[in-house]
Amino acid sequence: MLREQLEDIEIQLLLEGIHRYYGFDFRNYALASLKRRIWKIIRAESLTSISGLQEKVLHDPECMERFLCSLSVNVTTMFRDPNFFLMFRKKVVPILRTYPFIRVWHAGCSSGEEVYSLAILLQEEGLYHRCRLYATDINEMVLKKAKAGIYPLDAMQYYTQNYLQAGGKKAFSEYYTSAYEHAIFSSYLKENIIFSQHNLVIDNSFNEFNIILCRNVLIYFNRFLQQRVFNLFHESLVQFGILGLGRQETMKFTPHEQDYEQLEGGEKFYRRIR
Amino acid sequence: MTIQFIAIGTSLGGLEALEVLLAGLPKNFPVPVAIVQHRHKSSDDKLRVALQEYSALVVTEPQDKEEIVPGYIYLAPADYHLMIEVTSDAVREPSFSLCVDAAVTYARPSIDVLFETAADTYAERLIAVLLTGANHDGMQGMRKIKARGGKTVVQEPSTAACPIMPEAAIAAGVADKVLPLADIAPYLVKMCNF
């Protein structure tokens, strides 16, 4: 038997064990990135095989905690991919203006940088007071960070550049106060944001939204799980609602392809048309 | 064994090297090619457009889960790792998969990540090419490719704008073949046209 086939079997056994014992379901995560991260954990735990990790994870809940932390990817920045936010301003905001009340779901919000970015943008466009932003993530630890809205001060220079490229209208520093090497974002930005835990793998829809943002989350899922999440988003979007995805994510080749049209401007904004 | 995939990695000086290599691949080249070129995370479409100038094949930045087909040159998108995986046990069609995991050998996209995942998917049906560059990315990936029976080609360092990356691979003993830049495309054509 080939070595890579054995590796695949060991991964399946590891994920099956974790699912049955702890209830966390990674069985439909994209294999290539999952495999890389599993090997990274194996090295960090000073082990030599996937089966060795399985034994440790199942018998040592603290190892499971570390496993969970290592598996969840939390790479985000404020106004990440500035052109996405610029297009949000130009193409999506005019649509949102037609609604008396706007419900936004940011799925996989991680530590919250992009939610605050959105809050700032909506504030500048005079829409924030009619918005309710639901920011969800599977990981409670990053949600705590998101709720706090406190980020390292040394990131602000980069975030300011992004903000300006995204069409920012003010001095970015107006939105935070600095203290102890940190930037603390103004509490009024949080007023209409609800942070809560939601697991795209198993949880269901919890409201109807005008816009859903989910960027660079689906790339971690395999096609089967992506399909589940696209169905979930479809159920959760109003007619003519908008789904915003990551730069390299697409609705092409999915069963919902015909149900959406992509907005102009090159970014991944899909409008539900049926 | 029929070659089914070619993975190319390059860093500093890569654009000029890729021009020569891509210009040498004919329009009917039968094997898909993926390229990781190190670049800034906010890079736009310019690299793809520049490479298209020199290629008879279509140069494209793949979307997540895009199917891999011959006739295309796939360029790793800025700020994403480009990986290859099989869809499932039932459907063993390889497709691209992207991620925004931490940089590997200081790079995202990383050559090691493409090479290692390509080795898993294609084993001995793979050729990897390492071109000019100023770091050690790609060396670990080539080690895995060799272990899985794939072929590795390294640019002759004297023909590289920056010899550090080819030299690292040669010193590590992971190069099957060391070829001057001008000879790499003819070698690939020979290996892939049966």
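## Model and terms

Helices (H or I, at least four residues) and strands (E, at least two) are DSSP runs, numbered from the N terminus. This is a predicted model: local features need pLDDT of at least 70, side-chain atom pairs count only at pLDDT 80 or more, and totals for chains, interfaces and linings use all residues. Residues are numbered from 1 along each chain as its sequence is written, chains are lettered from A and ligands numbered from 1 in the order in which they are written, and side-chain values use heavy atoms, leaving out hydrogens and water.

## The sheet in chain B

Chain B holds an open sheet of seven strands with parallel pairing. Their order is β3-β4-β2-β1-β7-β8-β9. Two strands pair if DSSP finds at least two bridges between them. The edge strands, β3 (58-60) and β9 (177-179) of chain B, each pair on one side only. From one strand to the next, the twist averages 20°.

Look at one end of the sheet. Strand β8 (151-155) of chain B pairs with β9(B) over three bridges, in the parallel sense. Here B:V154 stands opposite B:V178.

## Helices across the sheet

Helix α4 (139-147) of chain B lies across β7 (126-130) and β8 of chain B. Helix α4(B) runs at about 145° to β8(B); such angles run from 0 to 180 degrees between N-to-C directions, with axes fitted to C-alpha atoms. Helix α6 (181-192) of chain B lies across β1 (5-10), β7, β8 and β9 of chain B. Its angle to β8(B) is about 160°.

## The annotated site

An unreviewed UniProt entry annotates B:S11, B:H38 and B:D137 as "active site"; such annotations may be inferred rather than shown by experiment. These residues are spread over 127 residues of sequence, yet they cluster in space. Their largest C-alpha distance is 9.6 Å.

B:S11 sits in the loop between β1 and α1 (14-23) of chain B. B:H38 lies in the loop between β2 (33-37) and α2 (46-54) of chain B. At 15%, B:H38 counts as buried too. Beyond its neighbours within four places in sequence, B:H38 is in contact (heavy atoms within 4.5 Å) with residues including B:S11 and B:D137.

## Where chains A and B meet

Between the chains, 31 residues of chain A are in contact with 32 residues of chain B. The buried area is about 2,500 Å²; this is the accessible area (1.4 Å probe) that two parts lose on being put together, summed over both. Carbon and sulfur atoms give 45% of that area. A:R36, A:R223 and A:Q248 supply 28% of what chain A buries against chain B, more than any other three residues.

Three salt bridges link chain A and chain B, each a side-chain nitrogen of Lys or Arg within 4 Å of a carboxyl oxygen of Asp or Glu. B:E116 forms a salt bridge with A:R36, with the closest N and O atoms 2.6 Å apart.

Conventions: Buried means under 20% relative accessible area, exposed over 50%, partly exposed in between (1.4 Å probe, protein chains only).
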